[in-house]
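Work through the exercises below with the sequence and the 3D structure at hand. Each task is followed by a stepwise solution.

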Amino acid sequence: MRGGECRSNDYGAAAYWDARYSSPSSSSSSSGGGGGAFFDWYQTYPALRPLLRARLPTSSRVLMLGCGNSLLSEDMVKDGYEEVVNVDISSIVIEQMREKHVDIPQLTYFQMDVRDMSFFGDKTFDCVLDKGTLDAMMCGDDAPLGASKMLAEVARSLA
């Protein structure tokens, strides 16, 4: 097996996620969300809030890896976080989230592969959050090399 115990889906590929987020059959929030629904894979912000508020000042510049259509970033901003930069490999979900949050300047969205975030300078972010991207990278064709590249980019981008 490539990197871990994964099904045949290539979770490290943009094509997989573009198809998932544009599929009307995945539009319910219980399915992993596509077609405009919003979905948190694991924990929601209320569950994570005590941990984040205890360790992460609201003035921190936060990078959210593999943001998908999660409401985590929006909820963080509603709770006082001043800047959350979101990246995802899927251009479909990035456009959906840009449209949803057009009136929230504290949220920015970039279509980007986490294995190459050279768009951002060294030491740009105070915190990098990842809720599932590393697992997805370990299911990619280039795992564990892809995961290693992702972690190197995270280390480079942290202040």
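A nonpolar core is a set of buried Ala, Val, Leu, Ile, Met, Phe, Trp, Tyr and Cys residues joined through side-chain atoms within 4.5 Å; buried means under 20% relative accessible area with a 1.4 Å probe, protein chains only. The model is predicted, so local features need pLDDT of at least 70, side-chain atom pairs count only at pLDDT 80 or more, and totals for chains, interfaces and linings use all residues. Residues are numbered from 1 along each chain as its sequence is written, and side-chain values use heavy atoms, with hydrogens and water left out.

**Exercise 1.** Find the residues with the most contacts inside the largest nonpolar core.

Solution. Step 1: this core has 25 residues, and Met76 and Val84 have the most contacts inside it. Step 2: helix 1 (14–22) and strand 4 (127–130) are among the elements that each supply at least two of its residues; helices (H or I, at least four residues) and strands (E, at least two) are DSSP runs, numbered from the N terminus. Step 3: beyond its neighbours within four places in sequence, Met76 is in contact (heavy atoms within 4.5 Å) with residues including Tyr45, Val84 and Leu129.

**Exercise 2.** Give the strand order of the sheet.

Solution. Step 1: four strands form an open, parallel sheet in the order 3-2-1-4, where two strands pair if DSSP finds at least two bridges between them. Step 2: strand 3 and strand 4 are at the edges with a single partner strand each, so one side of each has no neighbour in the sheet. Step 3: five bridges join strand 1 to strand 2 (residues 83–88), and Leu63 stands opposite Val85 in strand 2.

Note on methods:
Buried means under 20% relative accessible area, exposed over 50%, partly exposed in between (1.4 Å probe, protein chains only).
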